[in-house]
Amino acid sequence: FDGNDFLSAALPSELQGNPAMTILIVADSQFAGGRMFQLGSDAGAANQIFGLHESGSILYNEGNQTASQNFDPSPTLGAWRRISGATKAETEFLRFGSLTHLINPSTASSLALPSATASILLGNGKKTGSANDFFRGVIREVLVFSNALDNYNLQRMEGYLAHKWGAAGSLPSTHPFKSGAPTFGGTQSITVGHTNLGTDSTDNLPFMSVFDSPFKLDGSYASSGLPITYETNNSSILTVDSQVLLKPVAEGRVRVTLKQAGNSHFSAASSQTLNMKILGKRSQSLTFAVIPNKDPNDADFALTASSSSGLPVTFTSLDTSVATVSSSGTVSIVAAGTATIRVSQAGDATYAPAANIERTFTIGDLMNVSFEPVGTMGNNQSLKVRAWAYDASNGMLLNGKNGITMTYTKESGPATISGNTVTTNSTGSGDVVIKVTVSGLSYAPGTAMVTFTLDGSKQGQTITFLRGEKGGLGNLQLSSRPISLGKMASANSNLPITFTLVNNPNKIAKIVGVGDKTQLLIAPKGVDSSEKFSGFGGGKELTIKIRASQGGASGWHAALSVDHEIKIKKPGKSAFYEARKLDSRFDTKKAAFDTRMARLGKSGDKAAYLFNRDDQDSDGDGMTNLEERAFGGDSLMSDKRTSSPKAIRKGDGYEYITFKRYQDSFNTGDDRIEYIVETSRDLRTWTTDSDTTNGPLQVGNAVDVGGGMEKVVYRSRQKRSDNGGKQLYIRVRVKSK
């Protein structure tokens, strides 16, 4: 969506009124702001719309549930869930499978989606008064359910989408589908849970009250996601009603059998049982507000929790090395990490104990941690596993930063580990599980795990794809210079790597060549219309995904492919200087520059500052950094002869100059480059091309040279001999803020 288009359809009856629903979206934001999805009034009437904003916020056009987590980095997975009749403060938002704190609205009115003049909008939403609120970016997939999915089925959908769209690495380590996608056929099993039941401390049996309404066992599920049915061994104590819910009848102990009969895709599951009891005491429930994430230096803060009985609640910290909590519910932060606070109420002579509620929150900046995948390996083989940690808010790479530590451990399997080097056993087979824990600075620790199979019939391959490090592939700006992609990935087998573009929005890139000769071209020239770059769509950058793969050979298992995402940005000062930091030549050129500056009495921070200034010459080739970026040069090599503007001699008395420049459609923003062509007869007084009577003029059409650049030719408007002249000069001057 480029900020001017959207899709729409009529609002179905199942989503009218104040409905239950679960919505999952995978999207890549290219520009902050805008509504990705909206249900309800075509006029944007207050409380008659349900809009999902790029920030994760839920919009009602009168009092919103506000989030600050946007859909970048790409792809981002979000889920929103609400029950039927929910208030405007009761929709949940989960980002990458983790519950996210929302600031609730102060207005008390409820949602009322209309049945007439109402739509589903994708890529847009309506503000009050019908004004559009367009989204700019890519929406990969949307799933809408007209019910509030239980936790397990929600996690199944998250797992399906995360693995389909390459976001599994951002799921929390506790997510049941982080290491593998859910299946949709075959065998199934039943897991027994009862998070909505209290536990009697006298015998540790879960219980409900004879006064309770019919219930299900929250936390119980079939791995297929199909609904569970119940049977009891004593219907005079606990029976199953027509809604397939468990209905308390009288006090006593009872056994519940959980079943799932299967369908055309799944076979029947083995039944499971739960021993519980029904008490004569009245039940009670707890309310415990979600705890927002905190910074390590934050002051103590109070929790909000209560029991429906009015009895006092008890707070407990499950990890006092991270946070402590007082009896009154005041939390004190101890260290960066993940904290969990439990609230409980033990009951009294009238009320049975309440089911506990636990709230988990993060102290410190968040990070996303993921492993490069590892394929099937052979016996007695050593390999380096590689994990990557990124700042969750801005995508900054944390690997190699001072203060960040990465600790690798073997969780299970026939192998040993030292540092990040894994050595498989000389005999045997099976799965090996490796875990990494990343910690340090102001970040909450992050973890990830990778699993690979040991098969001694062949040797295994791993692919190393350099990223975020010297010589690796990082974010780029639009440029006509090819990138030597083949030098940035290799297999331990030394077999050639195949590169493919998995995600290539607007045809911004193309891969050519094979093996170590592979090149990445940005907005390449000379392609047919079906492959031509169509622009940034109103944004400032686009994200591409490159896949490196090696299919195996005699004696070698196939390697698991490695994907790498980078952003290609519009040309500009910050994009230019960011892109060159990862170049393998950067440190050498900077050292040479520092030496030159030292001779001039400038060193240390002053020299470092000057190295990245437009008016300096980083590589010492006689072209300033501004000229390098204006004419498509390389600021880390001597390329003045090939990059600088050239004079053309035609023998017709006119002066000609030719040069490369960025096309106007990409040369925008506060730091745009201004190209000024001028002529002079005395090198003192110059006439610019803005003077349409005496100034130089462009001849012929601009020629596309790729990378958003074009080659142009200008000539003087007068001949050298006009007006009795003997000398005539032409030049191009560039400037930028």
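Of the 737 residues of the chain, 45% count as buried, where buried means under 20% relative accessible area, exposed over 50%, and partly exposed in between, with a 1.4 Å probe and protein chains only. The structure is a predicted model, in which local features need pLDDT of at least 70, side-chain atom pairs count only at pLDDT 80 or more, and totals for chains, interfaces and linings use all residues. Residues are numbered from 1 along each chain as its sequence is written, and side-chain values use heavy atoms, with hydrogens and water left out.

Confidence comes first. The mean pLDDT (the predictor's confidence in each residue, from 0 to 100) is 92 for the chain, and 99% of its residues reach 70 or more. Strand β15 (residues 229-232) has the highest confidence, with a mean of 98, whereas strand β28 (residues 367-371) has the lowest, at 84.

The C-alpha trace spans about 115 × 70 × 55 Å along its principal axes. The chain holds 50 strands and 6 helices; these are DSSP runs numbered from the N terminus, with helices (H or I) of at least four residues and strands (E) of at least two. Among contacts (heavy atoms within 4.5 Å) with a separation of 6 or more, 64% link residues 24 or more positions apart.

Several strand pairings can be followed in detail, taking two strands as paired if DSSP finds at least two bridges between them. An open sheet of 4 strands has the order β44-β45-β49-β48, with antiparallel pairing. Because β44 (646-648) and β48 (697-706) stand at the edges with a single partner strand each, one side of each is left without a neighbour in the sheet. Neighbouring strands here are turned by 30° against each other on average, direction ignored; axes are lines fitted to C-alpha atoms, for helices over the stretch in contact, and angles run from 0 to 180 degrees between N-to-C directions. The antiparallel pair of β44 and β45 (residues 656-662) has 3 bridges, and A647 has I657 in β45 as its bridge partner.

Strand β26 (residues 337-344) is mostly covered, with 6 of its 8 residues buried. It runs antiparallel to β23 (residues 314-317), joined by 4 bridges, and T314 stands opposite S344 of β26. β26 is also joined to β27 (residues 357-363) by 7 bridges, again antiparallel; there, I341 stands opposite R359. Strand β28 is mostly covered as well, with 4 of its 5 residues buried. Its antiparallel pairing with β30 (residues 387-391) runs over 5 bridges, and M367 has D391 in β30 as its bridge partner.

Two loop residues complete the picture. N379 lies between β28 and β29 (382-384), and it counts as buried because its relative accessibility is 19%. N379 and D455 are 76 residues apart in sequence, yet their C-alpha atoms are 6.9 Å apart in space. Leaving aside residues up to four places away in sequence, N379 touches several residues, including T424, N425, L454 and Q459.

K126 lies in the loop between β9 (118-122) and β10 (137-145). K126 is buried but has no salt bridge, that is, a side-chain nitrogen of Lys or Arg within 4 Å of a carboxyl oxygen of Asp or Glu. The nearest side chain of opposite charge, D42, is 7.6 Å away; Lys and Arg count as positive and Asp and Glu as negative, while His and the chain ends are not counted. Among the residues that K126 touches, not counting those up to four places away in sequence, are R35, D42, N61 and L121.
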